[in-house]
Amino acid sequence: MPARPSPSTPLNLALQGGGAHGAFTWGVLDALLEDGRFDFEGVSGTSAGAMNAVCLAQGLMAGGREGARRALDRFWTAVAQSSPFDQGGDGAALAPGLKAMLQWTDYLSPEQLNPFDLNPLRDIILEQIDFTALRQHSSVKLFIAATHANSGKLRIFQNAELSIDSLLASACLPTIHRSIVIDGEPYWDGGYSANPAVFPLFYQCTAADILLVLLTPLHYEETPESAQDIKLRLRELAFNSTFLREMRMFAHLRDQLTLAERPRWLPRWLPRSRFEQRANDIRFHAITADALLKTLPPESKLAVNLPFFTRLRDSGREHGQAWLKAHQAAVGQRSTLDLAALFY
């Protein structure tokens, strides 16, 4: 009688956005899929994180773990091949033509820069992603973040609402792309309101373990001094601020729910509420790209080059494999991330 396969451990994923740096997350996911010891219940993603989330779900639905690895490879390869600019080397520096175009974004609107609304990413997604099947058959719960342009409110698109427009909205930088209009309302990049949103994984999933894949440093070594560097730092801080506040809330909640800090008037034998129990059980883990991404210029987020993507993917795979070796056994047992130390 053949041996029964060992059950996989359920895990939720929170995938940050970061443009081209999302290829690092591709590598992390590739390592997790190759390892094969996790099933993914919920995946929350913003911008490039949303692209990775949808490719992961599409591949799992169509061909299991190996199908997901192929889907991610196919997406990032197609994005690299879609660039009209010639970028030599590893692509970390922007091509001169792309640099010149980006300078015009300070003076021209997306309608003026791109009057025909050409968007190679739309074509790639339409070719590779079956949104009808994802809405109806995906076993992965998807939470795709976008920002309502006229209010700043966060909107989370779940499986039943997935479409080409909801995915493009999550990655819509308004200085480069036209607003994405959904049901008559304009949306911009989800990073302005959540990068990524963690609360859906808390409220709408049963798996107690959440793995954060972070593309923005939690701490910088140097203070920017030039006008351009200050501008870039402000942009990064703005994109990370909502995530930091959300994680601080989780850290504070965990502290308040320790038995020693329960109100004196509340009997200690009284069962916890379902919310308290969920907050007490939730376990956080993280894979960060700080060491690599601190060596790259901020503008490299806009680089489109296969050697550069491959370099980031390989680094992501190494980080993913290192995390598996160090912390895989802790999943389902305990957190490996000190929330208070990182987010207080």
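Predicted model: local features only at pLDDT ≥ 70, side-chain atom pairs only at ≥ 80, totals over all residues.
I started with Glu41, which counts as buried at 13% relative accessibility (buried is under 20% relative accessible area, exposed over 50%, partly exposed in between, with a 1.4 Å probe and protein chains only). Residues are numbered from 1 along each chain as its sequence is written, and side-chain values use heavy atoms, with hydrogens and water left out.

Next, the partner. Glu41 and Lys141 meet through their side chains in a salt bridge, 3.2 Å from N to O (the term means a side-chain nitrogen of Lys or Arg within 4 Å of a carboxyl oxygen of Asp or Glu). Glu41 sits in strand β2 (residues 38–46) and Lys141 in strand β3 (residues 141–148), 100 residues apart. Helices (H or I, at least four residues) and strands (E, at least two) are DSSP runs, numbered from the N terminus. Lys141 is partly exposed, at 33%.

Then I looked up Asp209 and Arg283, whose side chains form a salt bridge at 2.9 Å, N to O. Asp209 is in strand β7 (residues 209–214) and Arg283 in strand β8 (residues 283–288), so this pair ties together parts 74 residues apart in sequence. Both Asp209 and Arg283 are buried.

Last entry: Arg317 bridges to Asp30, with the closest N and O atoms 2.5 Å apart. Helix α12 (residues 306–327) holds Arg317 and helix α1 (residues 22–35) holds Asp30, so the pair ties together parts 287 residues apart in sequence. Arg317 is buried at 17% relative accessibility, and Asp30 is buried at 8%.

My search of the whole structure gave 13 salt bridges.
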